[in-house]
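My notes are below, in the order I looked things up.

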Amino acid sequence: MTADVAVQSVRQTFNTFTALHRIDLEIAAGEFVVLLGPSGCGKTTLLSILGGFLTPTEGRVLIGGRDMTHVAPKDRPTTTMFQDYALFPHMSLRDNVAFGPRMRGSGRGDRNRRAEEMLALVGLADKAGRRPHELSGGQRQRVALARALAVDPDVLLLDEPLGALDLKLRRQMQEELKAIQRKVGTTFVHVTHDQEEAMAIADRIVVMNEGRIEDLGTPQKIYLEPRSLFSAGFMGEVNRIPVRPAGQGAESALGPLALTTDKPGTLCLRPENVGLKGSLALGPARLTDAAFFGTYHRCHFTPVAAPDMQIVAHLPLGDLPETGAEVALWGTNPMILEAA
Amino acid sequence: MRVLGWIYLALAYGFIFLPVGALVLFSFQDGRLPVPPFNGPTVKWYADVLGDRDLMAALVNSLMVAAASSAVALVLGFLAAQGLARVALPGSVVMRGLLIAPMTVSYLIIALGLLSAFNHIGLRPSLMAAGIGHVVINLPLCFAILFAAMGAHQQNAERAARDLGASELRVLWHVSAPMLRPALLAAFFLSFTFSWDEFIIAFLLTRFDVTLPVEIWSMLRSGLSPATNAIGSLVFLVSVALLVVLEFTVFRKVRK
């Protein structure tokens, strides 16, 4: 099953600390939404409010159109996949996964069938009789997923579930999560601080910072057209060049630039959008050092006009000038954001 | 140096086990007094003891009081530990301290306090009164053992259980208690042995039906006899049996 979620002006305070400032968020049924942000940004607090582990200080939470603000976790159509998996160590995998159906009054035969079906979905059908401590981290992870899905929730909440896995396994689990989400069609709300993970799995990313939503949209939109400097910086490396309007174009430390802006802001250029060709002339610059990164050269340039500034560029293989050489730098896809 | 070590070990064990060894040995004494010289083995005193109706009644009483008081102390201690581990209330440190405090009070003081309290509410000295006394001394023990055994791991599992639709009672029954099984067993068996051995409270709070230590004490008043050694050996045997059961069930599992 699946349902839409609406968070309406939710505010959360802990004593004097405000964890969430009036959050509004609409999540469509069947959507895979990722809450992304640094630690302490309020993403886990918001997830706890969706799961019913916290009652917001103000505001409402609607799931499938019904007000769930004051409903206990056990009576909500949500389940949570916890960061440390929280499997029951004294039960077999089958009993772990069958726990939810059992609490909902399903008989032994039914719930075991359901558990085995779910374990098959995550590729652990042959291990139903094992105990959690006999499994690897990645396998425990899958059991936690199977257990959370066994009760057929409308919304699955995932609290940094891949945080404890090593990088390779993490990439693999991301693909599996995405595939499983497509298959079951449940609304997934996933919390992470890893922007690559967010881009890999999300239909839509919600970037959070200091208890507010900074930006939201598809991975592509957030990466290419971020709404704020924070969002631009959090989604990946970015060169920041302060600019202010001057006549027809803009003035900057690099000299006049062929940009139109009506107020002072920051020109943001991703390293892969800086190079020896492009649509926006950045003036002459000297290559100070370069490193080989496999699919590109990572280069540091010092503009001739502003020797204190450093511009990072990822140049395609074979395009590398000599270190110390002076070249004309160009930019593509410039974004101008207001200073925060 | 090695030899000295062994000698020290032998002396230490001798010091610990000589009294028990002598007790058991002279329970087989063929004679009227349990003192050297040893006159050769007989099991007549065991036959006497096992045929003694008062003694056997006291033994059954002791088992009942120990089992019932340990069970009650365990349940109360478990619920208290569960509650205090989960909810952060103002003053929960004080509450924890108050729960453990009776451990530092002498049994004699507890017994006197209970005696006057029971007198006030009209509860006569009885096995029930002694049992309540044993709950008073064992509850702090059960609470301390169980509270120490709880951790974040268990609280997360409980939260997951609630999330999956379990009511509080079912969380306790299906998740908390099974995860605490080793600690629960340890707390129960320790309480059981403490209650089984306890004399002062039982002495002051029972009258017609008495527990075994009280019965042994009244036997001793008529002088030494190999019969008291025999009953002492039986009590010792029960304690050893409990310890062995504990070793093979609880602690084995904890290590794994």
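**Entry 1: what I am looking at.** I am working from a predicted model, not an experimental one.

**Entry 2: chain A overall.** I started with the secondary structure and got 8 helices and 20 strands for chain A. Its C-alpha atoms fill a box of roughly 75 × 45 × 30 Å along the principal axes. I then checked burial: of the 340 residues of chain A, 52% count as buried. For the accessible surface I noted about 14,900 Å², with 50% of that belonging to carbon and sulfur atoms. I also looked at contacts in chain A with a separation of 6 or more, and 65% of them are between residues 24 or more positions apart.

**Entry 3: domains of chain A.** I found 8 residues of domain 1 of chain A in contact with 8 residues of domain 2 of chain A.

**Entry 4: salt bridges.** How many salt bridges are there over all chains? I get 21.

I picked out a few in chain A. A:Glu116 pairs with A:Arg94, with the closest N and O atoms 2.5 Å apart. A:Glu116 sits in helix 3 (residues 108-121) and A:Arg94 in helix 2 (residues 93-103) of chain A, so this pair ties together parts that are 22 residues apart in sequence.

Next I looked at A:Arg286 and A:Glu326, which form a salt bridge with closest N and O atoms 3.3 Å apart. Here the partners are on strands: A:Arg286 in strand 16 (residues 280-292) and A:Glu326 in strand 19 (residues 326-331) of chain A, so the pair ties together parts 40 residues apart in sequence. A:Arg286 counts as partly exposed at 38%, and A:Glu326 is partly exposed at 47%.

I also noted A:Arg130 and A:Glu134, whose side chains meet in a salt bridge at 4.0 Å, N to O. A:Arg130 has a relative accessible area of 34%, and A:Glu134 has 40%.

One group goes beyond a pair: A:Arg170, A:Arg171, A:Asp194, A:Glu196 and A:Glu197 are linked in a network of salt bridges.

Residues 93-115 of chain B are 74% helix, with end C-alpha atoms 30 Å apart. Residues 127-149 of chain B are 100% helix, with end C-alpha atoms 32 Å apart.

**Entry 5: domains of chain B.** Chain B is divided into domain 1 (20-51 + 225-256) and domain 2 (62-221). The contact takes 12 residues from domain 1 of chain B and 13 residues from domain 2 of chain B. Their C-alpha centres are 28 Å apart.

**Entry 6: a nonpolar patch on chain B.** I found a nonpolar surface patch of about 690 Å², with B:Tyr107, B:Leu108 and B:Phe194 among its residues. Which helix of chain B gives the most to the nonpolar patch? Helix 5 does, with 5 residues. Helix 9 (181-197) of chain B supplies at least two residues. B:Phe194 is in helix 9 of chain B and is partly exposed at 36%.

Methods
Residues numbered from 1 in each chain as written. Chains lettered and ligands numbered in written order. Predicted model: local features only at pLDDT ≥ 70, side-chain atom pairs only at ≥ 80, totals over all residues. Heavy atoms only, no water. Helix = DSSP H or I, 4+ residues; strand = E, 2+ residues; numbered from the N terminus. Patch = residues over 30% accessible without salt bridge, like charges linked within 9 Å, V, L, I, M, F, W, Y side chains within 5 Å. Areas by Shrake-Rupley, 256 points an atom, 1.4 Å probe, with all protein chains shown as cover. Buried < 20%, exposed > 50% of the residue type's maximum accessible area, 1.4 Å probe, protein only. Domains from an automatic or database assignment. Contact = heavy atoms within 4.5 Å.
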